[in-house]
Amino acid sequence: MLTPEHKYFLNAYIPKVQYNTPLKYFSHFRIGGPAEAIVFPENTEQIAVLLPWLTQETIPWLVIGAGSNILFDDNGFHGIIISLTNCSFMELSDGMIRADAGVSLKILCLHAIRNSLAGMNFALGIPGTLGGAIRMNAGSQGGEISDILESIDCITSDGHYHHIKKDRLKSDYRHICWEHVAPDSVVVRASVLLSQTDNALLRQDARKKMIQRRQTQPIGCACAGSFFKNPSGQYSAGYLIEQAGLKGYHIGDAFVSQKHANFIVNKGHATSREIKELMHYIQVRVHSQFNIQLTPEVKFIHA
């Protein structure tokens with residue numbers, strides 16, 4: 001439990017703090033019990049003060065962006081959630097966009113299009129922030145964030161800054177690792193390198209990609225995007241789940257989307273337990289029919 005001294009420190013150093021607020025308001029799944037506190041630093045300096053203090057006080061903490069790819073526990077989180085969504089620095093120079101980890105992918109994509117910069121259109125429609133996209137190596141429609149990532153800036157739990165170039169990062173499908181360079185650290189800023197192009201062609205490509213996304217994926221519902229990673233091989237997770245006859249299958253208010261089988265949707269008051277039960281059921285059915293083990297892309301946050 002946070003003490004009055006803990007709350008005094010948080011209120012003194014962080015501009016916005018919320019106590020005992022349900023995490024469902026910070027998750028695209030709209031699921032999650034309360035956190036002891038949710039803090040909203042506005043710049044890297046505040047993060048560099050906060051992390052060593054949390055370490056010294058042995059308070060559990062977790063960094064989130066838009067909450068687009070996580071499932072919180074029904075019991076909440078016994079510690080402090082650090083939301084980076086109020087960190088909004090962004091600048092453009094010579095085809096390079098440098099931005100805080102809390103900047104949304106939508107804003108980055110629109111900024112690139114306005115400035116006739118190609119390379120980010122693959123991310124159109126992907127919910128979340130730059131920091132989350134880097135952690136997950138977010139990708140769609142033939143591209144992923146590691147294709148354009150030039151460098152990251154991170155802060156370790158002792159408050160030290162590290163600037164890490166692309167060649168020192170380890171990139172894989174839905175994962176980028178930098179802990180071998182800066183253990184126990186948080187990405188606070190990054191640079192992406194884009195290329196100048198014709199604006200009309202760029203906008204035409206953007207419209208095409210957004211139309212395709214709207215036609216094939218559920219938009220505007222309570223879900224965390226693609227739930228499972230695509231297995232190696234010729235079949236996608238969505239195809240395997242659909243072939244297993246699971247479109248529309250549900251446990252409580254947790255449903256397999258009728259539009260895209262790799263989306264699990266909260267259609268009302270689904271709990272994290274129901275989401276996990278549905279996940280396990282899908283995994284068993286797909287494995288029994290195709291001998292393929294599906295791995296979740298969504299991250300589970302335990303209380």
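Helices here are DSSP runs of H or I with at least four residues, strands are DSSP runs of E with at least two, and both are numbered from the N terminus. Keep that in mind. What you see above is a predicted model, where local features need pLDDT of at least 70, side-chain atom pairs count only at pLDDT 80 or more, and totals for chains, interfaces and linings use all residues. Residues are numbered from 1 along each chain as its sequence is written, and side-chain values use heavy atoms, with hydrogens and water left out.

Start with the whole protein. It has seven helices and 21 strands.

Most residues other than glycine have a negative phi. Which way does Thr 58 go, positive or negative? Positive, near 50°. Thr 58 sits in the loop between α2 and β3 (61–64). It counts as exposed, at 67% relative accessibility. Asn 137 also has a positive phi, about 45°. That residue lies in the loop between α4 (130–136) and β9 (139–140). Is Asn 137 buried or exposed? Buried, with a relative accessible area of 0%.

Next, a helix pair. The axes of α1 (residues 4–13) and α2 (residues 44–56) come within 11 Å and cross at roughly 170°. Axes are lines fitted to C-alpha atoms, for helices over the stretch in contact, and angles run from 0 to 180 degrees between N-to-C directions. Over 145 degrees counts as roughly antiparallel, so α1 and α2 are roughly antiparallel to each other. Which residues of α1 meet α2? His 6, Phe 9, Leu 10 and Tyr 13 meet Gln 46, Val 49, Leu 50 and Trp 53, where contact means heavy atoms within 4.5 Å.

Last, a sheet. Four strands form an open sheet in the order β17-β20-β19-β18, with antiparallel pairing; two strands pair if DSSP finds at least two bridges between them. The edge strands are β17 (222–223) and β18 (250–251). Three bridges join β19 (residues 254–256) to β20 (residues 264–266). In one of these strands, β20, Asn 266 is the bridge partner of Ala 254. Helix α7 (residues 272–290) lies across β18, β19 and β20, at about 30° to β19.

Terms used
Parallel < 35°, antiparallel > 145°, perpendicular 65-115°, else oblique. Buried < 20%, exposed > 50% of the residue type's maximum accessible area, 1.4 Å probe, protein only.
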